[in-house]
Amino acid sequence: ATKKISPGGHWIGITQTLCKQLNKSFTETAEAQALVSIGLYDAFISCWDEKYRSNLVRPETYINGNINPDWIPLLQTPPFPEYTSGHSVISSSSAEILSTLMGDIAFTDSVEVEYGLYPRSFTSIRQAAEEACISRFYGGIHYMPAILEGAKQGKLIGKHVLQKIQTRK
């Protein structure tokens with residue numbers, strides 16, 4: 001099966017799943033969606049700022065030019081710099097926000113079932129984010145520092161959003 005929605009859209013869907021699972025009110029759901037959305041926007045801006053500041057080549061480019069010209073990663077290499085990992089930054093930001101709002105609860109992600117992907121169960125929101133992060137390394141499109149530093153970057157962005165955005169009196 002092929003991924004059909006964006007990583008940000010996927011986290012919006014996970015937010016909705018968690019709100020339904022916990023019977024959140026309309027106001028609580030709006031709060032969660034707003035905070036995750038703000039976190040996603042800030043995470044993408046921060047990540048792409050770093051990508052074009054550091055301008056690090058992707059594994060495929062390095063391997064093809066220096067080791068094996070026929071090597072192809074499992075995932076298609078995106079056409080922008082490698083560091084930091086977008087999935088790591090946005091997933092960690094979203095997980096920080098959602099875990100703070102809802103607790104680090106177990107859930108099943110069924111967001112992409114309609115696109116032919118199987119539901120995935122996680123013991124926590126952070127576990128889902130960690131899997132999203134490492135998937136880009138296993139897919140061959142990121143080096144580990146992009147994953148690890150991207151996760152730190154995203155967590156800090158999530159904390160910053162929660163500190164700066166006042167949704168309650």
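A residue is called partly exposed when its relative accessible area lies between the buried class, under 20%, and the exposed class, over 50%. The model on screen is predicted.

**Stop 1: E131 and R120.** Select E131 first. Its relative accessibility is 32%, so E131 falls in the partly exposed class. E131 belongs to helix α5 and R120 to strand β2 (residues 120–122), so the contact ties together parts that are eleven residues apart in sequence. R120 is partly exposed as well, at 38%.

**Stop 2: D104 and R126.** Stay with helix α5 (residues 125–138) and select R126, then D104 in the loop between α4 and β1 (107–109); their pairing ties together parts 22 residues apart in sequence. The two side chains form a salt bridge with an N to O distance of 3.4 Å. D104 is partly exposed, with a relative accessible area of 35%, and R126 is partly exposed at 29%.

**Stop 3: R168 and E31.** Select R168 in the segment after α6 (144–164) and E31 in helix α2; this pair links distant parts of the chain, 137 residues apart. The side chains meet in a salt bridge of 2.7 Å, N to O. E31, at 11%, is under 20% and so counts as buried. The count of salt bridges in the model comes to seven.

**Stop 4: a nonpolar patch.** Switch to a surface view and select V57, Y62 and I67, which make a nonpolar surface patch of about 310 Å². V57 sits in the loop between α2 and α3 (59–66). With a relative accessible area of 42%, V57 is partly exposed.

**Stop 5: the second largest pocket.** This pocket has a volume of about 370 Å³. To find it, select Q76, P78, H87, R136 and I141, the closest to its centre of the 19 residues that line it. Helices α2 (26–54) and α4 (86–102) are the elements that give two or more residues to the lining. What is the make-up of the residues in this lining? They divide into nine nonpolar, six polar and four charged.

Definitions and conventions. Residues numbered from 1 in each chain as written. Predicted model: local features only at pLDDT ≥ 70, side-chain atom pairs only at ≥ 80, totals over all residues. Heavy atoms only, no water. 1 Å grid on protein atoms, 1.4 Å probe; cavity = no way out; pocket = protein on both sides within 12 Å on 5 of 7 lines; lining within 4 Å. Points joined across faces, edges and corners; volume = space filled by probe spheres on them. Helix = DSSP H or I, 4+ residues; strand = E, 2+ residues; numbered from the N terminus. Nonpolar A, V, L, I, M, F, W, Y, C, P; charged D, E, K, R; others polar. Patch = residues over 30% accessible without salt bridge, like charges linked within 9 Å, V, L, I, M, F, W, Y side chains within 5 Å. Areas by Shrake-Rupley, 256 points an atom, 1.4 Å probe, with all protein chains shown as cover. Salt bridge = Lys/Arg side-chain N within 4 Å of Asp/Glu carboxyl O. Buried < 20%, exposed > 50% of the residue type's maximum accessible area, 1.4 Å probe, protein only.
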